[in-house]
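These are my notebook entries on one structure. I wished to record how its chains are built and how they meet.

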Number of protein chains: 4
Amino acid sequence: MATQSHRLTEQASGVYIIAATPFDDQGEVDLYSIDSLTDFYLEKGVTGFTILGMMGEAPKLSEAETTLVMERILKRVDARVPVVVGVSHSSNRHIERLSKEAMDLGAAGVMVAPVPNLKTDEQVYGYYASIAKLLGRDIPICLQDFPQATGVHTSVSVINRLIDEFEQVVMLKHEDFPGMRKLSQVRHDSEAGGRRRISILVGNGGLFLPQEMLRGADGAMTGFAFPEMLVQVCQLFSEGKSEAAEDLFNIYLPLLRHEFQYGIGLALRKETLRRRGAIRSAFVRKPGPVLDVRDHEELSRLIARQEKALA
Amino acid sequence: MATQSHRLTEQASGVYIIAATPFDDQGEVDLYSIDSLTDFYLEKGVTGFTILGMMGEAPKLSEAETTLVMERILKRVDARVPVVVGVSHSSNRHIERLSKEAMDLGAAGVMVAPVPNLKTDEQVYGYYASIAKLLGRDIPICLQDFPQATGVHTSVSVINRLIDEFEQVVMLKHEDFPGMRKLSQVRHDSEAGGRRRISILVGNGGLFLPQEMLRGADGAMTGFAFPEMLVQVCQLFSEGKSEAAEDLFNIYLPLLRHEFQYGIGLALRKETLRRRGAIRSAFVRKPGPVLDVRDHEELSRLIARQEKALA
Amino acid sequence: MATQSHRLTEQASGVYIIAATPFDDQGEVDLYSIDSLTDFYLEKGVTGFTILGMMGEAPKLSEAETTLVMERILKRVDARVPVVVGVSHSSNRHIERLSKEAMDLGAAGVMVAPVPNLKTDEQVYGYYASIAKLLGRDIPICLQDFPQATGVHTSVSVINRLIDEFEQVVMLKHEDFPGMRKLSQVRHDSEAGGRRRISILVGNGGLFLPQEMLRGADGAMTGFAFPEMLVQVCQLFSEGKSEAAEDLFNIYLPLLRHEFQYGIGLALRKETLRRRGAIRSAFVRKPGPVLDVRDHEELSRLIARQEKALA
Amino acid sequence: MATQSHRLTEQASGVYIIAATPFDDQGEVDLYSIDSLTDFYLEKGVTGFTILGMMGEAPKLSEAETTLVMERILKRVDARVPVVVGVSHSSNRHIERLSKEAMDLGAAGVMVAPVPNLKTDEQVYGYYASIAKLLGRDIPICLQDFPQATGVHTSVSVINRLIDEFEQVVMLKHEDFPGMRKLSQVRHDSEAGGRRRISILVGNGGLFLPQEMLRGADGAMTGFAFPEMLVQVCQLFSEGKSEAAEDLFNIYLPLLRHEFQYGIGLALRKETLRRRGAIRSAFVRKPGPVLDVRDHEELSRLIARQEKALA
């Protein structure tokens, strides 16, 4: 369908937005809002999309819905920016099937988080190696290093080994926490060791984005409901204006920190996107967080304060 | 399709076998082996089936495969014994859809394990209550209490509250570990408190089956590859022959304990079923355990010793 | 020794500083720095101390050192503000012994986190009830609700039950995360239910202090290396100046967020205290985090930016 | 005091009993029972002791009690068999101090479990390496690999690296679960790789002792209340009589499996030791498991069945 002009590479940088999956108030996939949200993200200047991640409620979609969402976004993006598809699953067969489907539809690459219960370096390496072999050289892979959600710790030496052995491993979504030293180590090992330098985009809601950019990150892969800030911050860093970048970042930090809360953060993010007109409903599929009156007021107050600070 | 003569009730007892899902050596669902395995279980005298549980590799099946496996087993069982279908999922919508599909196909009821990240009594109760309301009174529910796998601890007071409020909650799969006191408490609370007595079938591979029967369990819900022992043990207990029951149990205990090992236990179980002619391949979908030469020899030795002890 | 004029009560508010335990570069307890750090905290206006908590490296002190540190701080504070002593331990006998020792030395009360492996509401309640009975009515207790570190989740209903049954439970250190709704529920239940209102001081480095104050917190119990900000923020909130309070808070938020990082946060905090002249060495006992050159530069930059913003 | 003739070496084999710490009914250390229990273990033929482990309630002893228990047992053993002392602690200083104290009193070596929160191979290696360097070559070390309790996974490659770099690492207490393949790998790597062969003693209550002996274990390090069985089983294996060994093991397996239950297992073990006359009270320090009437009856029944099977 779409061209694969945007195949994911080690040069990826900027903001790969973790796209929410919009539902209507009855919980059905809202195609209209998929389009409007996609437009919203593009207007804000994102350099890429990551869809069907954990914050995209991917595990709550049926197979048909998964295909529907993927198709719809890829079509709407229309190859203007690369789209990475989250394919993490408990079955390798499923990962293979979904990855191929995604690439056929025009995805730029896939993002894989490890299955739970991998404990040692050898086990984590073994898992990713089996996936890389299964998918082959033609499907670019982003490693999702998110131990707070998966319980799996991917060491620097495992990351290095994967970089060395699999050219299709082109990106690390860095969201270990605390994880700044790990980021520096991966960068140091590629600089000092002549190792291939991959793209590193940071997650955790962007809570440490300025520090991570200074340590060698190439950008952010997160879903903060004000992506324009992430875009500008990355842009300013790329221009060497780190102080201006962080000044801007800090204006949004209170709200970003608020959205950083696990669980309820998704509901806050969707509600903020709804208020901004990006989606029609903030519905989160059950079981999932629901905002109460207090939460709404709190969010309103934080948004108002942010607007005032920006004014 | 099938009649619903075997709707799950509080009177359920004996052995509800946790059915393996057979694949061929390429990992495809093996319909022939589904039939032969179903026949095998029935010949061994099980009083019910539980399909699509964790040990049935349910999370590794596609939606179409899930339906296929469910239909095939239900058809082969042909209403001779009740079939419980595991429907645990991260989305309530999915649980609802799969439960209705299962009941329409002739299932006797559904088994539900809680989603991860439920922490307090109120949260666990809230989850199960929402599922019970969603499914309604016409779908009997078995609570799967398996904290080692889910990380969720369902307290006796939550179990009691669910029994009191939802008549469709008719069974507890008890596999907390250690959990014998919990079993006694649930039984005590129904006897002392005039509370409805539900069926309790025990899991954990049956490792404590005799002790649990003496504490008031009604049988076992597990998948030990020698189900005839579980059947006879439950039968002997129902006849008041607890010493004879435990004598028999102990002959199988070394192998049962061997199969109890998390992870590799599934590979050992499938291999044992293969050797017994119940299925054609012991294949476990990836990522999953694979037996090496040493594991095979060890299993052979334990089976040979068991056969000798039975001779 | 000291008078007990500062017995902890439900009226406690403001900033109870989580005091670091200073060591010299060889890892010995540094009495000189204990004094200077105590003075530093008092000069910054804290309304109370909490010593021998997790961030005070209490589990790494010998029994003699524990007594030494406790005595030294209590003597230096000299009853000017109340001092809460962390007494969490795997043995109830130890908790009893240490609590009595602390109270005899002039402590205002004790803080108790639950032992690991408590799972259900009944278990958590049972643990705290046994401690409350053991210590008796004369030792005020602060419940430390910090699931990220203990793995134990204390529900609102458990907190309420403890408030109802044990008058000595006078304070909650609130650091569940995300935990803002829990805070609101505890407050709601005391307002709506005629339940005794206890003091709630918030932890998690103060990351959500303004939001928590608006939800009914009475202050903070955390160890941010710029306690004067916490003090002023609490003061402004008590004067109803919530906007000014949050404006001030936000200036410090980047650094506060930086210190919030688990593990390395303690090293950053001690280093900041060292740079501010409060202690002579930033040494953290082994095994523990050690800052590298990059970490030092990053900290310097963030402090410089903060100073500039304040100027 | 005692001679160090029993310094722990790679040749250690047989049964190193995990010694319980006896208290009286008021929870005080019972010196009389320490002596009688020590005599009991020696009479049953153990080849070594491991004291102050998790099942020895070490974290619930004061420092003075720790010294008292250590001295008393070492004196009673009187250098007849080697005594390993558990020194695991959150502070390296404490490990160093306790290890030196133990060796001075005549211990054969120390056992160290890693602190929690070590995640990657490098972190686990780093921890053990720092301890090995701290203690030096003169203090033999037993690595305790017990992830179920510590949450830390020590990979085969970390074990190998420690064997290669630190000659004082002479023993592995193997109780990963499931862990049989790991045991085989460590053995394979020393046989195939010319690597130093260390002693491997197995834990987990001995639940898989025969299988582990066949895979290359040198014996058991566990505290089953019928140590004479463990002794005989190890002896029979050393004589090549594996079938006779396992026949004997299986007679005790039902009770051994019963004692294997985490938490309550310690109470069951102490009660069994009390019934056998080895200690005067089965008291477990608070918080800890307490047997109820049902538990007592169940234990009585299992012991009676075992006696009958042995008759």
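The entries below move from one chain to two interfaces.

**Entry 1: conventions.** I worked with a predicted model, in which local features need pLDDT of at least 70 and side-chain atom pairs count only at pLDDT 80 or more, while totals for chains, interfaces and linings use all residues. Residues are numbered from 1 along each chain as its sequence is written, chains are lettered from A and ligands numbered from 1 in the order in which they are written, and side-chain values use heavy atoms, with hydrogens and water left out.

**Entry 2: chain A by itself.** I looked up the secondary structure and found 12 helices and 8 strands in chain A; helices (H or I, at least four residues) and strands (E, at least two) are DSSP runs, numbered from the N terminus. The radius of gyration of chain A is 18 Å, close to the 19 Å that the globule rule gives for 311 residues, so chain A is as compact as a globular protein of that length. This radius is taken over C-alpha atoms, and the globule rule is 2.2 Å times the number of residues to the power 0.38. Along the principal axes, the C-alpha atoms of chain A fill a box of roughly 50 × 45 × 35 Å.

**Entry 3: chain C against chain A.** I noted 34 residues of chain C in contact with 34 residues of chain A, where contact means heavy atoms within 4.5 Å. About 3,100 Å² is buried between chain C and chain A, and carbon and sulfur atoms give 46% of it. Buried area is the accessible area (1.4 Å probe) that two parts lose on being put together, summed over both. In chain C, the residues that lose the most area to chain A are Arg181(C), Arg257(C) and Arg305(C), together 21% of what that side buries.

I then turned to charges. The rule finds 18 salt bridges across the interface of chain C and chain A; each is a side-chain nitrogen of Lys or Arg within 4 Å of a carboxyl oxygen of Asp or Glu. One of them joins Arg215(C) to Asp295(A), with the closest N and O atoms 2.8 Å apart. Helices H7 (180-193), H8 (209-214), H10 (242-259) and H12 (293-310) of chain C each supply at least two residues of the side that touches chain A. H10(C) gives the most to that side, with 10 residues.

**Entry 4: chain C against chain D.**

Glu63(C), Arg93(C) and Pro287(C) supply 39% of the area that chain C buries against chain D, more than any other three residues. I counted 2 salt bridges between chain C and chain D, and the side chains of Glu28(C) and Arg93(D) meet in a salt bridge (2.8 Å, N to O).
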